[in-house]
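Subject: Structure handover

Hi,

Here is the structure I promised to pass on. My notes on what turned up follow below it.

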Amino acid sequence: MKTGSEESRTAPPSHGAATAVVTAEVPLREWRGRQRSASRPGADEVRTPPRRRRRLPAPLVLLRPRQWIKNIFVLVVPLALDPAALTRHPGRGVAAVVAFTAASAAVYVLNDWLDRERDRLHPVKRHRPLAGGRIGPVGAALLGATCLATTVACAAVLPGAAQAAIAGYGVINLAYCLALKHHSLVDVSLVASGFVLRAVAGCVAVAAPFNPALIICVYCTCLLLSLGKRRHELAAADLLGQASAQRPALAGYSVPLLDQLMTLLLAATLISYELFVLSAPHPHAAVLAVATVPFAVFAVCRYVQMVAVRSSGGEPGRDVLTDVPLVINAVLWLACLAAGRLL
């Protein structure tokens, strides 16, 4: 024997009852949809920096510690040319790295101080300490002065040529921050030149030999990464219709132009790398050039794929170091080079 409540659950509803049920369920579905959409981050929240980054003190965030990895170029190039040079002058190598780290941090402070109004229009850069109001202009100026003092102190123990490279880095970045970053092609050229100066200063600091082909390879590689970053920024800014407002230099770029330039730089990077390997004073240099070219080709092609297909490239250093295929390729590449040196 069924109760009234059981009959109400099992009996098929009439047309009017079904209409009532549907009408009652619509607001419920809408409410659940609102709850799910509220639980999902919106477009602005997706671009918000991770919570662990916001926990860092504002002065440290202003110095952009995640960008300090770029200064590894000071040691990578001497390591590729003469690993023993780093063991002969380890103190100079460390001083050069610290000098460039402090100099680049001062550049970041100056750049954010000058762009704080424009950064407020950017979905990500508006969270920077100066643009977000977490640190004042005076505090930022004192922090930048401290970085400059650290740069001078570390450069004092380096040879004169290394000091000149550090000074040149400061001059071109000052010009970049004040005016040249607003000019297309000039902006990416200066960024790539900064990496060349890092490489040159590292070689001079530890008395490593100078290889023009490797320096050209460094320049072409960094220029390729910079163009990929501009492509990412241009695509993101076009979606918001704020390309020229966020970065005036983007007005001189287009996606087809950047794709063509990246293709050109891809070829230049590979050619300069092969010239570097072939010019090495090694009896099996030709074998190494042939054996390692697949790794070099895969590396540059993978990066272009990340930029063009996966819309990566906003932070080239992070994107390259966190991409699993690129990391595996780099490990195999280095193992091949190390094995070649032992032959």
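Where is the place of Ile69? Ile69 sits in the loop between α5 (58-62) and α6 (73-81); helices here are DSSP runs of H or I with at least four residues, strands are E runs of at least two, and numbering goes from the N terminus.

Before more of that, some housekeeping. This is a predicted model, where local features need pLDDT of at least 70 and side-chain atom pairs count only at pLDDT 80 or more, while totals for chains, interfaces and linings use all residues. Residues are numbered from 1 along each chain as its sequence is written, and side-chain values use heavy atoms, with hydrogens and water left out.

Overall picture: the protein chain has 19 helices and zero strands. Of its 343 residues, 38% are buried (buried is under 20% relative accessible area, exposed is over 50%, partly exposed is in between, with a 1.4 Å probe and protein chains only).

Back to Ile69: its relative accessibility is 40%, so Ile69 counts as partly exposed. Arg66 and Glu315 form a salt bridge, with the closest N and O atoms 3.9 Å apart (a side-chain nitrogen of Lys or Arg within 4 Å of a carboxyl oxygen of Asp or Glu).

The structure holds eleven salt bridges. Another one joins Arg128 and Asp112 at 3.1 Å, N to O. Arg128 is in the loop between α9 (116-119) and α10 (129-132), and Asp112 is in helix α8 (residues 90-114). Asp112 is buried, at 2% relative accessible area.

Asp259 and Arg231 also pair up, with their closest N and O atoms 2.6 Å apart. Asp259 is partly exposed at 29%, whereas Arg231 is buried at 13%.

Finally, have a look at helix α12 (residues 160-178). Its buried residues include Ala162, Ile166, Tyr169 and Tyr176. Seen down the axis, the buried residues of α12 fall within an arc of 135°, so they line one face of the helix (the arc is that of the directions from the helix axis to the C-beta atoms). Val171 and Leu178 are exposed on the other side of α12.

Cheers
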